Amino acid sequence: MQFNNNVHTAYVALGSNIGDKEGNLRRALELLQQRGVEVVKTSTFICTEPYGVTDQPQFLNGACEVRTSLAPLELLYTLLDIEREMGRMRLRHWGERNIDLDLLLYEDVVMNTPELKLPHPDMQNRDFVLLPLAEIAPALIHPTLRKNISELVICLSPRTR
């Protein structure tokens, strides 16, 4: 798949559950801007229960719309670099973290490589992803499920809403 230097729109989920949670999210947004990734819209931040591994502090989550000339993998590597720069430690799967940046959608790209799966494979099951995303892009169409983000929120099970 070829990507040119045109500007592309993508959506990123942000999360933090240790340290200065809000400060961590805001710092990650600043670092995106510093790396030439334009942050166009940012949701409000919401407090959520941990997903998967529940014996950890609550999260502060949000989402942002970005514009970039980076290809999907380059954007992913930029997100991972920001996590590393901010000192993220991967001690256990779905465990505590000062910052978590997930590439959710990159235009209508569908991609399945060992490094990157687009759209994010579990986003439709996660209220902490869909609720902030619905705030900034309710009409955005999920490229494989063919539903907009608002419809995906309605489809969440009552336990995860």
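Which residues in α1 meet which residues in α2? In this predicted model, Arg27, Ala28, Leu31 and Leu32 of α1 meet Leu79, Ile82 and Glu85 of α2, where contact means heavy atoms within 4.5 Å. Helices (H or I, at least four residues) and strands (E, at least two) are DSSP runs, numbered from the N terminus.

Residues are numbered from 1 along each chain as its sequence is written. Because the model is predicted, local features need pLDDT of at least 70 and side-chain atom pairs count only at pLDDT 80 or more, whereas totals for chains, interfaces and linings use all residues, and side-chain values use heavy atoms, with hydrogens and water left out.

**The helix pair**

The helices α1 and α2 pack at an angle of about 130°, and their axes are 10 Å apart; axes are lines fitted to C-alpha atoms, for helices over the stretch in contact, and angles run from 0 to 180 degrees between N-to-C directions. That angle makes α1 oblique to α2, since angles under 35 degrees count as roughly parallel, over 145 as roughly antiparallel, 65 to 115 as roughly perpendicular and the rest as oblique.

**The cores**

A nonpolar core is a set of buried Ala, Val, Leu, Ile, Met, Phe, Trp, Tyr and Cys residues joined through side-chain atoms within 4.5 Å, and buried means under 20% relative accessible area, exposed over 50%, partly exposed in between (1.4 Å probe, protein chains only). The largest such core has 27 residues, and those with the most contacts inside it are Leu32, Cys64, Val66, Leu101 and Leu103.

The largest share, 5 residues, comes from α1. Apart from this core lies another, of 17 residues, among them Ala63, Met123, Leu130 and Ile136.

**An enclosed helix and a buried serine**

Of the 10 residues of helix α3 (residues 127–136), 8 are buried, so this helix is largely enclosed by the rest of the structure. Its buried residues include Phe128, Leu130 and Leu133, and what covers the buried residues of α3 includes β1, β2 (38–42), β3 (46–48), β4, β5 and α4 (149–155).

Ser16 lies in strand β1 and counts as buried because its relative accessibility is 0%. Not counting residues up to four places away in sequence, Ser16 touches Lys21, Asn24, Leu25, Gln58, Phe59, Leu60, Arg97 and Asn98.
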